[in-house]
Amino acid sequence: MRIFLITALVALALTGLAAIAGPGARADTVALEAARHSGEVQLAQLLREKGASNRYKEQIRQNLFKGQRGDGGALRQIGFHYAKGWGVIRDLTKAYMWFTLAAREGNDEALENRNSIAHTLSDTQIANAEAMAARWLETHEWVIEAGSFGG
């Protein structure tokens, strides 16, 4: 019973700290603060070891899942992450790739986004982006690289 109460208190503390910390706070930092307040430092260490990710990586994962099922809007959002450097290393070639994929799924805004960054890329970078897009269409696999957590 005591373990249940401690777990419930930690969950409430996590919720409260997440609201106070704001959207840019890293999940493991919020968990550590909650654990300090509740006396459960081991829980925070466990969350860190499990790889609690930042909000940007979680957004990319969710959009990738939707994109694998044909959601052009979700693929466009991944393009924004790469174009802006939100949770990943900023890479306009990869942004071009995701905008291309989103446009293939019928997202007209993604085509405009792709065209707006095309002038900053070389012909080789565009060819690489199109080759990456073709590979993704075949496999639907993508690794999310760690990057800066700002934006």
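Buried here means under 20% relative accessible area, exposed means over 50%, and partly exposed lies in between. Keep these cut-offs at hand for the exercises below, and remember that this is a predicted model.

**Exercise 1. Find out which residues of helix α8 are buried and where they sit around its axis.**

Step 1. Start with the length check. Helix α8 covers residues 123-139, and at 1.5 Å a residue its 17 residues should span 24 Å. Its end C-alpha atoms are 24 Å apart, which agrees.

Step 2. Now apply the cut-off for burial. I126, A129, M132, A133 and W136 are the buried residues of α8. These residues cover an arc of only 120 degrees around the axis, so they lie on the same side of α8.

Step 3. Turn the helix over. D123, T124 and E138 are exposed on the other side of α8.

Step 4. Look at what covers the buried residues. The cover includes α4 (55-67), α5 (72-84), α6 (92-104) and α7 (108-118).

Step 5. Finish just past the helix, where H140 takes a positive phi of about 55 degrees.

**Exercise 2. Locate the salt bridges and decide how accessible K94 and D91 are.**

Step 1. Searching the whole structure gives two salt bridges.

Step 2. One of them joins R61 to E58, with the closest N and O atoms 3.9 Å apart. R61 and E58 are three residues apart in helix α4, so about one helical turn separates them. R61 is partly exposed at 39% relative accessibility, and E58 is partly exposed at 35%.

Step 3. K94 pairs with D91, again with the closest N and O atoms 3.9 Å apart. K94 has a relative accessible area of 16% and is therefore buried, while D91, at 23% relative accessibility, counts as partly exposed.

**Exercise 3. Judge where the confidence is lowest and highest.**

Step 1. The protein chain has a mean pLDDT of 73, and 59% of its residues reach 70 or more.

Step 2. Confidence is lowest in helix α3 (residues 41-49), at a mean of 43, and highest in α6, at 96. Over residues 4-52 the pLDDT is below 50.

Step 3. Where pLDDT is low, predicted coordinates should not be read in detail.

Terms used: Residues are numbered from 1 along each chain as its sequence is written. This is a predicted model: local features need pLDDT of at least 70, side-chain atom pairs count only at pLDDT 80 or more; totals for chains, interfaces and linings use all residues. Side-chain values use heavy atoms; hydrogens and water are left out. Helices (H or I, at least four residues) and strands (E, at least two) are DSSP runs, numbered from the N terminus. The expected span of a helix is 1.5 Å times one less than its number of residues. Buried means under 20% relative accessible area, exposed over 50%, partly exposed in between (1.4 Å probe, protein chains only). The arc is that of the directions from the helix axis to the C-beta atoms. Contact means heavy atoms within 4.5 Å. pLDDT is the predictor's confidence in each residue, from 0 to 100. A salt bridge is a side-chain nitrogen of Lys or Arg within 4 Å of a carboxyl oxygen of Asp or Glu.
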